[in-house]
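Here's a quick briefing to read alongside the model. Keep the viewer open as you go.

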Amino acid sequence: MVRDLLGLTADQQGDVRKNCLRIGWLITNFGNCAQLDSSAEDFDAQTIFHIRAQLLCVIGSLFPDGSGNYVNLNLLWIVRDLQSLDGYSWGSVVLTYLYRKMCDSTHKVATGLIGYATLVQVWIYERFPTLAPRHTATPLITYPLTLRFLICYSSRNRNKFVHMY
């Protein structure tokens with residue numbers, strides 16, 4: 001499936017684990033669009049492979065695995081038809097996944113939360129302003145909401161900026 005939809009095969013051991021593909025492999029092979037050769041006969045196919053790989057990284061960040069270094073290959077199946085992507089209800093899917101992972105994290109054997117925790121953090125800041133970082137001035141960026149808190153954090157403490165993002 002990787003060869004058919006991305007045009008390359010993940011050969012090295014460790015690039016594919018169970019049903020997941022290493023994000024580093026995607027970045028190495030598709031992270032630089034300058035690799036595309038516009039004079040090549042298969043330029044259109046190369047472009048589609050790069051678009052799929054980029055989308056796989058973005059969508060994979062919304063549905064992380066436990067290690068944070070791999071993307072589930074089921075997501076590759078979703079990006080096979082680029083025209084149908086706008087028909088998905090991405091917001092509800094991300095929230096459903098996040099709620100499921102929050103539920104899973106309440107079990108005794110769970111070691112932490114797997115999911116897009118920034119989304120929960122911003123929701124908490126919006127609903128409970130007393131828990132949010134204090135703004136010393138009007139935020140320069142109002143949307144997306146996450147950036148509002150990133151800027152606030154970065155002005156106070158650089159370490160918090162990395163943690164938030």
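A patch here is built from residues with over 30% relative accessible area and no salt bridge, with like charges joined within 9 Å and nonpolar side chains (Val, Leu, Ile, Met, Phe, Trp, Tyr) within 5 Å. A salt bridge means a side-chain nitrogen of Lys or Arg within 4 Å of a carboxyl oxygen of Asp or Glu. This is a predicted model, where local features need pLDDT of at least 70 and side-chain atom pairs count only at pLDDT 80 or more, while totals for chains, interfaces and linings use all residues. Residues are numbered from 1 along each chain as its sequence is written, and side-chain values use heavy atoms, with hydrogens and water left out.

**Overall layout**
- The protein has eight helices and three strands (DSSP runs numbered from the N terminus: helices are H or I, at least four residues; strands are E, at least two).
- Along the sequence, the order runs α-β-β-α-α-β-α-α-α-α-α.
- Out of 165 residues, 28% are buried (under 20% relative accessible area; exposed is over 50% and partly exposed in between, with a 1.4 Å probe and protein chains only).

**Surface patch**
- Leu95, Tyr99, Met102, Leu113, Tyr116 and Leu119 make up a nonpolar surface patch with about 510 Å² of accessible area together (Shrake-Rupley method, 1.4 Å probe; for residues, only the protein chains shown count as cover).
- Helix 5 (residues 90-104) gives the largest share of that patch, three residues.
- Leu113 sits in the loop between helix 5 and helix 6 (117-127), and is partly exposed because its relative accessibility is 40%.

**Nonpolar core**
- A nonpolar core is a set of buried Ala, Val, Leu, Ile, Met, Phe, Trp, Tyr and Cys residues joined through side-chain atoms within 4.5 Å.
- The largest one has 19 residues, and Leu6, Leu21, Trp25, Leu26, Leu56 and Leu76 touch the most other members.
- Helix 1 (2-6), helix 2 (23-30), helix 3 (43-62) and helix 4 (74-78) each give two or more residues to this core.
- Leaving aside residues up to four places away in sequence, Leu6 has contacts that include Trp25, Phe49 and Leu76 (contact means heavy atoms within 4.5 Å).

**A loop with a positive phi**
- Lys18 lies in the loop between strand 1 (16-17) and strand 2 (20-22), and its phi is near 50°.
- Most residues other than glycine have a negative phi.
- Lys18 is exposed, at 81% relative accessible area.

**Confidence**
- Mean pLDDT (the predictor's confidence in each residue, from 0 to 100) is 76, and 81% of residues reach 70 or more.
- Residues 151-165 stay under 50.
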